Amino acid sequence: MKLPSVASLLIRVYRTTGPVSHIQRIRHGAVLNKNYSSVSAVKNCTALLYRNHGEPSQVVQLESLDLPQVGAECVLVKMLAAPINPSDLNMLQGTYAILPELPAVGGNEGVAQVMEVGDKVKTLKVGDWVIPKDAGIGTWRTAAVLKADDLVTLPKDIPVLSAATLGVNPCTAYRMLTDFEEPKAGDTVIQNAANSGVGQAVIQIAAAKGIHTINVIRDRPDLRQLSDRLTAMGATHVITEETLRRPEMKELFKSCPRPKLALNGVGGKSATELLRHLQSGGSLVTYGGMAKQPVTVPVSALIFKDVRVRGFWVTQWKRDNRHDDEALRHMLDELCILIRAGKLSAPICTSVQLQDFRKALENAMKPYVSTKQVFVM
């Protein structure tokens, strides 16, 4: 099998060291080989692999994997960049709703470039940028052989970091702003976890549509800098959790209407406070639970305000629309339009190499951190 010359970046030549032992097959056809023996130079990649669940920085290992032949319906891709998201950490910990069969390669999101296509692949070509359609592919690696149907193209005229972080957080923000109350220009959305990847995307997408946002963040040493940063993104108001509970909120609603949509990524008391400020008939949509506390809904909010309490998981949306390529394509195209127009940027990112994975995972676990760790291959 002859690869394009650029694929030579992926090549590592291993000399014969003895018979191969303990070979385990990884998801999507990659092969783990503990004791390499005469590995084909065109079939090797480096990956962050885990065999057990536990503390992310402890269970992940940097290892070499064999890549299978590129089948008729598959493509060989070179990963360009892949972020660390909370869902990735939950998978490593074994607490996420879906868990890949172990051993597995970490990472659910990232952008790759197509290096070779199988004989029956008609939707992709060499040079295309692609992202996964669904979670579980394993993106923390230098290369992979994947089914073409599991990938969707992105334009190459957007920044790499925007492409690498597009499939989860901005898609979550877009769907929550579209599928529930459908706020229009002049309406208000309130959200907690406003400095998260989803929160930053909500701010920018809403601002592009002329929608007011009330953005709740936890008090912290760099509160002023963070508030200024979110305001520069388009946030209408940035307040702390403590302010959310104070009577001065009444003054805030003199400058914008009460929200018809509340977005909850925290849970606990924070979610209850969001509910208090909703319009009658409004919706609270929960997409995360960083506080690890249940959402408590006051009886009065249900009876006298008839609020709706919903949940959203972008992975489920993608699976529900698995056979509706137009729905995913339309959403990605809309988001890319905003990116090109300078109205939607990637979250603040720290680029790291795969070999620095322990520090990156530890940083991703720290509280009060608004930067996203991104592996750049």
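A residue is called buried when its relative accessible area is under 20%, exposed when that area is over 50%, and partly exposed in between, with a 1.4 Å probe and protein chains only. By this scale Arg308, at 38% relative accessibility, counts as partly exposed. The model is predicted, so that local features need pLDDT of at least 70 and side-chain atom pairs count only at pLDDT 80 or more, while totals for chains, interfaces and linings use all residues. Residues are numbered from 1 along each chain as its sequence is written, and side-chain values use heavy atoms, with hydrogens and water left out.

The structure holds 13 of them. Helices (H or I, at least four residues) and strands (E, at least two) are DSSP runs, numbered from the N terminus. Glu181 is buried, because its relative accessible area is 17%.

Another salt bridge connects Asp157 with Arg340, at 2.9 Å from N to O. Asp157 belongs to the loop between strand S10 (151-154) and helix H3 (160-164), and Arg340 to helix H12 (residues 325-340), so the contact ties together parts 183 residues apart in sequence. Arg340 is partly exposed, at 45% relative accessibility. Asp134 and Arg319 form a further salt bridge, their closest N and O atoms being 2.9 Å apart.

Strand S7 (residues 111-117) has 5 of its 7 residues buried and is therefore largely enclosed by the rest of the structure. Two strands pair if DSSP finds at least two bridges between them. Strand S5 (residues 74-83) pairs with S7 in the antiparallel sense over 6 bridges, and Val75 stands opposite Val117 in S7. S7 also pairs with strand S8 (residues 129-132), again antiparallel, over 2 bridges; here Ala112 stands opposite Val130 in S8.

On the surface, Val295, Val299, Leu302, Ile303, Phe304 and Val309 form a nonpolar patch with about 580 Å² of accessible area together. Such a patch joins nonpolar side chains (Val, Leu, Ile, Met, Phe, Trp, Tyr) within 5 Å, from residues with over 30% relative accessible area and no salt bridge. Accessible areas come from the Shrake-Rupley method with a 1.4 Å probe; for residues, only the protein chains shown count as cover. Helix H10 (residues 299-303) gives the most to the patch, with 3 residues. Val299 lies in this helix and counts as exposed, at 57% relative accessibility.

Key: Patch = residues over 30% accessible without salt bridge, like charges linked within 9 Å, V, L, I, M, F, W, Y side chains within 5 Å. Salt bridge = Lys/Arg side-chain N within 4 Å of Asp/Glu carboxyl O.
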